[in-house]
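Open the model in your viewer and keep the selection tool at hand. The tour goes stop by stop.

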Amino acid sequence: MDRVCVIGAGSSGIAACQVLAARGIAYDCYETGSEVGGNWRYLNDNGMSSAYRSLHINTSRQIMEYASFPMPEDCPVYPSHFHIARYFDSFVDHFGLRPSIAFRTEVVRVDPLPGGRWGVTARHLDSDETSERVYGAVLVANGHHWKPRWPRPALPGAEDFTGTQTHSHDYRTPEPFADKRVLVLGIGNSACDIAVETSRVSRRTVLAMRRGAHILPKYLFGVPTDHLTGSWLARAPLSVQEQGLRLLLRLSRGRLEDYGLPAPRHRVLGAHPTISDDLLSRLGHGDLTVKPAPARLERDRVVFEDGSTEEIDAIVYCTGYDIAFPFLEDEVIDPSDNDIDLYHRVVAPDRPGLYFIGLVQPLGAIMPLAEAQSHWVADLLQGRCALPVPERMRQETRAYRAGLARRYVASRRHTIQVDAGAYLRELRTERRKGAARVRRGATGR
């Protein structure tokens with residue numbers, strides 16, 4: 001079996017490394033930074049982490065942990081990024097993975113070669129030297145929360161605005177916003193966290209959004225919310241999940257309009273959830289002001305779609321991220337509009353040997369999903385599973401897209417969405433089908 005290349009030593013990359021090592025598959029892992037953890041390593045020297053100082057996970061540790069390495073019992077239910085980084089360090093040291101990771105090494109180019117192999121060019125950052133190596137397969141685990149997506153086109157007047165304009169990717173602490181008039185644009189998890197934090201030190205904080213969102217607490221009736229939604233409720237039909245969760249939210253927090261937020265126009269499970277225990281209380285205290293989306297900027301002020309204006313000193317754009325693979329040419333994989341055709345979110349149908357680990361946005365946590373994806377890829381590498389023909393794979397991706405369109409709000413945010421429990425079952429089913437293809441010696445179905 002040819003050696004395998006793993007790109008990235010974040011939460012998905014180290015999961016892939018652990019599975020490959022356990023299966024006896026030789027691999028090299030390349031990591032731009034000097035430590036593991038990727039997005040969860042605060043102030044990561046790879047320059048790609050979007051973690052801010054106060055960041056905590058939005059899924060409980062029991063949902064987030066790897067199946068092969070549970071988080072310690074003394075870890076908080078909702079750990080901070082500091083806890084998570086220590087957990088990842090313990091993970092790679094427990095399984096002896098660290099020697100196989102080339103730190104401070106950036107993959108700059110990945111090229112398909114004849115015979116289904118892949119040429120990988122890496123740059124060693126400390127010496128600025130490059131090296132080239134041929135691999136039988138490449139597992140891409142470079143994450144999808146590192147390239148900030150700015151409004152396109154930019155807001156009218158943005159070039160003449162006299163205040164600061166930053167992206168949430170570069171937010172770390174609230175102190176730079178002390179005594180300023182702050183506009184936070186967005187209603188996702190980062191937007192809510194940043195608006196809450198800056199409201200404690202700013203002169204005024206305004207939270208603006210294009211549409212409303214359902215706000216979920218971290219606890220419902222004393223139980224972590226994802227313990228409810230990830231257990232009995234997750235096994236029910238989608239319509240029952242919707243009704244059950246809507247009822248639980250109405251009982252626990254009332255109507256969002258009573259806090260000054262716009263009523264969401266979509267179902268509770270029709271968009272990636274926004275989770276915050278603090279936002280509603282800050283709104284109830286009058287520490288935050290809610291506005292519709294900005295229409296234009298005018299030097300030191302913002303004009304909103306309802307015609308109102310606010311003097312603003314700083315804007316924080318919480319407008320999400322673009323999926324990008326700077327080491328792959330677009331003709332190999334085109335990530336335009338965050339829309340990528342991958343069989344079961346992992347396999348490039350027309351690029352044998354190219355796999356993507358952790359390229360999902362789950363209702364749940366990525367870590368156990370990346371671990372399960374890696375087991376499936378290991379099956380494929382070892383010949384335990386076989387893939388269907390490319391057209392069958394493309395049929396699956398078309399069906400997946402159609403399902404997203406039926407369920408979710410149209411947005412780049414929902415192009416790689418999965419339900420964690422259902423997706424794990426999907427992968428288990430595909431592994432069984434792939435094993436059956438091997439036994440039949442056929443790849444038609």
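## Surface patches

Start with R235: at a relative accessible area of 66%, this residue is exposed, since the cut-off for that word is over 50%. Bear in mind that the model is predicted. R235 sits in the loop between helix 5 (225-229) and helix 6 (238-253). Together with R235 they make up a patch of positive charge on the surface.

Next, select L251. Its place is in helix 6. L251 has a relative accessible area of 59%, so this leucine counts as exposed. With L251 they form a nonpolar patch on the surface. The accessible area of the three together is about 360 Å².

## Helix 8

Select residues 366-381, which are helix 8. How many of the 16 residues of helix 8 are buried? The count is 15, so the helix is largely enclosed by the rest of the structure. Now check the length. At 1.5 Å a residue, helix 8 should span 22 Å. Then step on to G383, which follows helix 8. The phi of G383 is positive, near 80°.

## Salt bridges

Side chains of opposite charge can pair when their charged atoms come close. Across the whole structure, a search finds 38 salt bridges.

Select R133 and D28. They form a salt bridge, with the closest N and O atoms 3.2 Å apart. This pair links distant parts of the chain: R133 lies in strand 6 (residues 129-135) and D28 in strand 2 (residues 27-30), 105 residues apart. Are the two partners buried or partly exposed? R133 is partly exposed, because its relative accessibility is 40%. D28 is at 13%, so D28 counts as buried; the cut-off for buried is under 20%.

Move to D337 and R412. Their salt bridge has its closest N and O atoms 3.3 Å apart. D337 has 48% relative accessibility and counts as partly exposed. R412, at 33%, is also partly exposed.

Now select R401 and D339. Their side chains meet in a salt bridge of 2.9 Å, N to O. R401 belongs to helix 9, while D339 is in the loop between strand 19 and strand 20. The two are 62 residues apart, and they link distant parts of the chain. R401 is partly exposed at 32% relative accessibility. D339 is partly exposed as well, at 30%.

For the network, select E35, R41, D89, D93 and R98. Salt bridges link these five side chains.

## Last stop: L97

Select L97, in the loop between helix 3 (81-94) and strand 3 (101-102). Is L97 buried or exposed? Its relative accessible area is 1%, so L97 is buried. L97 and C17 are 80 residues apart in sequence. In space, C-alpha to C-alpha, the two are 7.0 Å apart.

Notes. Residues numbered from 1 in each chain as written. Predicted model: local features only at pLDDT ≥ 70, side-chain atom pairs only at ≥ 80, totals over all residues. Heavy atoms only, no water. Patch = residues over 30% accessible without salt bridge, like charges linked within 9 Å, V, L, I, M, F, W, Y side chains within 5 Å. Areas by Shrake-Rupley, 256 points an atom, 1.4 Å probe, with all protein chains shown as cover. Salt bridge = Lys/Arg side-chain N within 4 Å of Asp/Glu carboxyl O. Lys, Arg positive; Asp, Glu negative; His and termini not counted. Charge placed at Lys NZ, Arg CZ, Asp CG, Glu CD. Helix = DSSP H or I, 4+ residues; strand = E, 2+ residues; numbered from the N terminus. Buried < 20%, exposed > 50% of the residue type's maximum accessible area, 1.4 Å probe, protein only. Expected span 1.5 Å × (residues − 1).
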